[in-house]
Amino acid sequence: MRRSYEGAAPAAQLTTDLASSTAALTIFCTDLTNWPTGVNGYPFFIVINRGKVNEEKILCSSRTGNVLTVY
């Protein structure tokens with residue numbers, strides 16, 4: 001599977017709480033300038049709570065503006 005990578009992507013904050021597990025999850029964040037977009041079907045990973053005991057990696061299918069769509 002090909003993946004998209006971007007450099008200089010700043011940390012962002014969630015603008016809404018994440019709900020419990022769901023098949024179609026959309027994440028709304030603050031400024032996602034320089035983040036991957038998932039263009040051409042290349043997914044990308046994000047990390048939530050990096051370096052903490054509850055760190056979680058999430059595979060995203062796309063980004064539009066400040067909205068991430070999760071597989």
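Author: Let's start with Thr-69, which is partly exposed, with a relative accessible area of 30%. On this scale, buried means under 20% relative accessible area, exposed over 50% and partly exposed in between (1.4 Å probe, protein chains only). This is a predicted model, where local features need pLDDT of at least 70 and side-chain atom pairs count only at pLDDT 80 or more, while totals for chains, interfaces and linings use all residues. Residues are numbered from 1 along each chain as its sequence is written, and side-chain values use heavy atoms, with hydrogens and water left out.

Reader: Which strand does Thr-69 lie in, and how do I read the faces of a strand?

Author: In a regular strand, side chains alternate between the two faces of the sheet. Thr-69 belongs to strand E4; strands are DSSP runs of at least two residues, numbered from the N terminus. E4 spans residues 67-70, with Leu-68 and Val-70 on its covered face and Val-67 and Thr-69 on the uncovered one.

Reader: Okay, which strands pair with E4?

Author: Pairing takes at least two DSSP bridges between two strands. E1 (residues 26-28) runs antiparallel to E4, joined by three bridges, and Phe-28 has Val-67 as its bridge partner. E3 (residues 56-64) is also antiparallel to E4, over four bridges; there, Cys-60 partners Val-70. The E3-E4 hairpin has two residues between the strands, and Gly-65 takes a positive phi near 60°.

Reader: What makes up the largest nonpolar core?

Author: In soluble globular proteins, nonpolar side chains tend to be buried together. Here a nonpolar core is a set of buried Ala, Val, Leu, Ile, Met, Phe, Trp, Tyr and Cys residues joined through side-chain atoms within 4.5 Å. The largest one has twelve residues, including Trp-35, Ile-46, Leu-68 and Val-70. E2 (44-48), E3 and E4 each supply at least two of its residues, and E2 gives the most, with three. Skipping neighbours within four places in sequence, Ile-46 is in contact (heavy atoms within 4.5 Å) with residues including Ile-27, Trp-35 and Leu-68.
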